[in-house]
Amino acid sequence: MLEIKNLHVKLEEEDKQILKGVNLTVEAGKVHAIMGPNGSGKSTLSYVLSGRDGYEVTEGSATLLGEEILDMEAEERAAAGLFLAFQYPVEIPGVGNMTFLRTAVNAQRKARGEEEMSSTEFLKTIRAKAAELKIDADMLKRPVNVGFSGGEKKRNEILQMAMLEPKMCILDETDSGLDVDAMKLVSDGVNALRDEGRGFLVITHYQRLLDHIKPDVVHIMADGRIIKTGGPELALEVETNGYADLIAEEA
Amino acid sequence: MALPQAKQTATDARLAALTLPEGGWSVPARRDALSRVQAMGLPGARDEYWKFTRPDSLNAVEVPEAEAFEAHEAPIFGDRDRLKIVFVDGVFDAEASDDLSLEGVEIARLADAADIHWAQDLYGTLETRGQTPVQRPFAALNTAFATDGLLIHVTGTPSKPIHITYTHEGARSDAILHHVVKVDAGCAATILENGPAAARFNHVMEVDIAEGGALHHVRAQGRDHARRAVTHVFARLAQESTFKSFTLTMNGVLTRNEAVIEFTGDDAVAHVAGACMGDGDFHHDDTVFITHDAVNCESRQVFKKVLRNGATGVFQGKILVQPDAQKTDGYQISQSLLLDGDSQFLAKPELEIYADDVACSHGSTSGAIDEDSLFYLRARGVPRGIAEDMMTIAFIAEAVQEIDDESLREELVDRVEAWLARRRA
């Protein structure tokens, strides 16, 4: 599904290397979690994969379903099946949530040579998926994320994921800003999307999200590299002992 | 005070090329306006109030050429139930217009009005009041030389909007139109205006709203050609009256829209808003002066400009609160979205407050499209061009929201989308 090989990335505006050789393979149907202390490069990895400006790939590659994505524009990566659930979804006053999502769905379909979704079909689908995520119909009519609580913003991200049906989902610290109930809702939404044809990369600081979204593989990231890979028990180890021992062990 | 020689010469030359209409009730007002123009002189580049906008081509004796642009789209507001009134290069076109009778409103042509007419008390009156503290010579020029226009007396609540549409055919047409609108107490109407009008257009609308009356004014100017326009809206608001005016301008080499609003009755509301989109040698100037001289009135100025490829936007807005205008609520925002580094936005926001119990605020910003928001849209698969357009529409949304009628809002946004699509093509 997603294959990252020896990925080196630095900031464009300053000579600072952030990723220093990341290797990672996420198989279809699997959930991989990346944990790590602040500044380890987790969010940078998600941004680089999704095509945000400001980063320069100095070495390495990232392929999605065998296709190199690092040369693609952000929208091309989305159409190819990549989705990033943002840690801090932006508020966009003046752009209606529904209009935006319909434009996105149909832009992706068009890019893939598929038939665009009709208004009726879109409305029917979004209403059903919003109900599952307990998203009020009024929220759909409001501008994108404007006036949404932290939990509502994250639920909106999962709604977008559900509508766009990506192949590879990256969740960047989706648990931040969520209370227990919201975390359960968001996790249920993610779990509902798990299937054999879809991969997940869940970036998180804490074990608690992984109580709800059970990972198949857990990676520990520090100083721009993955320093350890294991099963779900690795997350529990981090929860108990922190990162210090693992980082020291690697050093 | 004598005018400087150069200004005197330019003014004399311009006036000599025009003919003062003779006969009828408007003659005293026209002669009075002419003497004011002669005393003020037409504006020049050194006039403080014109320092951001060069008036040369508006002053010139010879009209700069402006070929009409074929947009291949139906005229805006054309699909709605409305009373249509057409002017071609500044001349009323009876054949293209509807019958002017409509319950709740009396409409006459300025050129046709009989000797004694209700408009006699208003024609040039608000324009004259609006000459202080700032001189507006083009408005006085208009009062003196207007060849046509409408006298609209709102005596009820018409069932449909009055739609004045301006068509431009002559490459060097020079139109001077003057409308007078009187809204009786408790009455309400909507006036729509659209079209490029002429190669050079001088437009004045005087609006007098009686107690509890309301006027909604929405206009769409422009299309893609080299036309020039200077417009003035003068509005006087009595107690508990409402005036809302919105202007969408898309392209045009030079546009200067002035609004001069005066509150004379308590608890009145005036909103003046606009959005413009331009590129290349586009120059757009919104100049607004609002005088609060009554208690508990609300004024809003909301202007948004989208500029690219060297376009220039200007905003000069002032809220003047007189000593007795307590509980004034004045809001003014002017913002520009610069789509590249070649465009510029020049702003002069002003508050002048002499009352002590008021809530007035203003703000002015210019900036590029927010990259974080752009990335968010693109990361969902929206192509960059469409995402930029969505952000642009979002940017002007606050101004468009000033229009009460949702269908009008949608129609204007559709036009903006079409404008953006043409440029993306």
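**Entry 1: the largest pocket**

I looked up the largest pocket of this predicted model and found a volume of about 720 Å³. A pocket here is an open set of points on a 1 Å grid over the protein atoms alone, with protein on both sides within 12 Å along at least five of seven lines. The points are joined across faces, edges and corners, and the volume is the space filled by probe spheres set on them.

I noted 22 lining residues, and those nearest the centre are Gly94(A), Thr99(A), Ile393(B), Val413(B) and Glu417(B). A lining residue has an atom within 4 Å of a point. Two or more residues each come from strand E7 (92–96) and helix H3 (97–111) of chain A, and from H7 and helix H8 (406–424) of chain B. H8(B) provides the largest share, nine residues. Helices (H or I, at least four residues) and strands (E, at least two) are DSSP runs numbered from the N terminus.

I sorted the lining of the largest pocket by class and recorded 10 nonpolar, five polar and seven charged residues. In this scheme Ala, Val, Leu, Ile, Met, Phe, Trp, Tyr, Cys and Pro are nonpolar, Asp, Glu, Lys and Arg are charged, and the others, Gly among them, are polar.

**Entry 2: conventions**

I number residues from 1 along each chain as its sequence is written, and chains are lettered from A and ligands numbered from 1 in the order in which they are written. Because the model is predicted, local features need pLDDT of at least 70 and side-chain atom pairs count only at pLDDT 80 or more, while totals for chains, interfaces and linings use all residues; side-chain values use heavy atoms, without hydrogens and water.

**Entry 3: cavities**

How many cavities of 30 Å³ or more does the structure hold? I found four. A cavity is a set of grid points where a 1.4 Å probe fits but cannot get out.

The largest cavity contains about 100 Å³ of space. Its lining has 14 residues, with Tyr166(B), Gly195(B), Phe201(B), Arg219(B) and Gln221(B) closest to the centre. E9(B) gives the most to this lining, four residues. By class, I recorded five nonpolar, six polar and three charged residues there.

The second largest cavity has a volume of about 80 Å³. I noted 14 lining residues again, and Arg219(B), Asn257(B), Ala259(B), Val272(B) and Phe303(B) are the closest to its centre. Strands E11 (242–250), E12 (254–263), E13 (269–279) and E14 (283–292) of chain B each give two or more residues to this lining.

**Entry 4: where the chains meet**

I then turned to the contact (heavy atoms within 4.5 Å), which takes 18 residues from chain B and 32 residues from chain A. The buried area is about 2,000 Å², with 66% from carbon and sulfur atoms; this is the accessible area (1.4 Å probe) lost on putting the two parts together, summed over both. In chain B, Phe375(B), Tyr376(B) and Arg380(B) lose the most area to chain A, together 42% of what that side buries.

I counted five salt bridges between the chains, each a side-chain nitrogen of Lys or Arg within 4 Å of a carboxyl oxygen of Asp or Glu. One salt bridge joins the side chains of Arg384(B) and Asp53(A) (3.8 Å, N to O). On the side of chain B that touches chain A, helix H6 (371–378) and helix H7 (384–400) each give two or more residues. H6(B) gives the most, with seven residues.
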